[in-house]
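Subject: Model for you to look at

Hello,

Here is the structure I promised to send over. Please open it alongside this note. My findings follow below.

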Amino acid sequence: MSFTRYTHFTNRRMVSTLVGHSGRKYINSHISPTPIELNVCRAERGSQSFVLKRIHESIFNQSLDLKRMFAQSHRLRMPVDYNESEHVLVFDYFRSTLLSLLRERPDLPALKELHEENGIHIDVKLDDILVDWSVDDQEKIHITRVALGDLDCRLQLEGDRPLRLPGGNRIGNVMWRSSEAQTGKGIAKPSDVFSFRLVCLCRLTGEQMLLVNSKELQENNIVPEQEVLSRLFLFFGPELPPGLLKQVDDELWGKLLRAVSEWAQGVAVEDPVISVTTRLDPVARATMGEVLQYRWW
């Protein structure tokens, strides 16, 4: 399994005009001043807007493979062009993300498509769900396009073997990770399902219940993973499922999970969709295909 997402490469300013593999020219119109974001910018071609994203060579090649694999998908944001020498992918520009448009539902079938090819997103969060929208004369919002983005970071599983990160590493934003993803052990398709449901809960309630104050935690010598994991057991526990211990399969993390479980005071979850998608035991979680069978969708 590849861990190319950890590979470091030097940030440099994006070229002012990029010529894609197709021969089309993209004029760079917005360059962010921060070093990390110099690798992502907005560009124009005539009246159309695009996003240029420079990535590491190994991820660039994987992204082109992914484009071929999902060539017919309209729910996954695939590059529409690329520049091989600059390792830049060209994407359609979306007006917003779900983070700034909480009222509209995310596009469920996108993760199902990815999982059917034995891939995992590993970092599902609000601002990875991209939306185009318009407002009518009555000021009502209409969604015109929805797609799941940030797929250059996705991983391909080897059979049914879950992902186990080396050296205590973890992937993705701490507040959207599943119980097992907080440990960096046993990450698989159910981890995406859990993260997706956290996105849905945020959309329904308007609250980011796992949002942490990093400065406050640092002052109290608490790592974010410890705080978020405690909240997961508080909201979706408190019992420690044997399946979670088996999935994580790590002696030290097993002790920590038992300690958190003993501390947590459980909160009952009555919504059946919440129940089957946020179970702490990854094996007991519903698949994206099963979630789509619920009448709510």
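Start with Tyr26 and Phe50: both are buried. Buried means under 20% relative accessible area, exposed means over 50%, and partly exposed is in between, using a 1.4 Å probe and protein chains only.

Before you go further, some ground rules. This is a predicted model, where local features need pLDDT of at least 70, side-chain atom pairs count only at pLDDT 80 or more, and totals for chains, interfaces and linings use all residues. Residues are numbered from 1 along each chain as its sequence is written, and side-chain values use heavy atoms, with hydrogens and water left out.

Aromatic pairs

The structure has two aromatic pairs. Rings of Phe, Tyr and Trp (its six-membered ring) pair if their centres lie within 6.5 Å; planes under 30 degrees apart are stacked, over 60 edge-to-face, the rest tilted. Tyr26 and Phe50 are edge-to-face, because their planes stand at 75 degrees, with ring centres 5.1 Å apart. Tyr26 sits in strand β2 and Phe50 in strand β4, so this pair ties together parts 24 residues apart in sequence. Helices (H or I, at least four residues) and strands (E, at least two) are DSSP runs, numbered from the N terminus.

Phe60 and Tyr82 also pair edge-to-face, at 5.9 Å centre to centre and 70 degrees between the planes. Phe60 belongs to helix α1 and Tyr82 to strand β5, so parts 22 residues apart are tied together. Phe60 is buried at 1% relative accessibility. Tyr82 is buried at 17%.

Salt bridges

The whole structure holds eight salt bridges. The cut-off is a side-chain nitrogen of Lys or Arg within 4 Å of a carboxyl oxygen of Asp or Glu. Glu86 bridges to Arg54, with the closest N and O atoms 3.4 Å apart. That pair links distant parts of the chain, 32 residues apart: Glu86 is in the loop between β5 and β6, Arg54 in strand β4. Arg54 is buried, at 3% relative accessible area.

Arg231 and Glu227 form a salt bridge at 2.9 Å, N to O. They are four residues apart in helix α5, about one helical turn. Salt bridges with shared partners also join Arg170, Arg177 and Glu225 into one network.

Met209

Met209 lies in the loop between α3 and α4. Met209 is partly exposed, at 30% relative accessibility. Beyond neighbours within four places in sequence, its contacts (heavy atoms within 4.5 Å) include Arg231 and Phe235.

Best wishes
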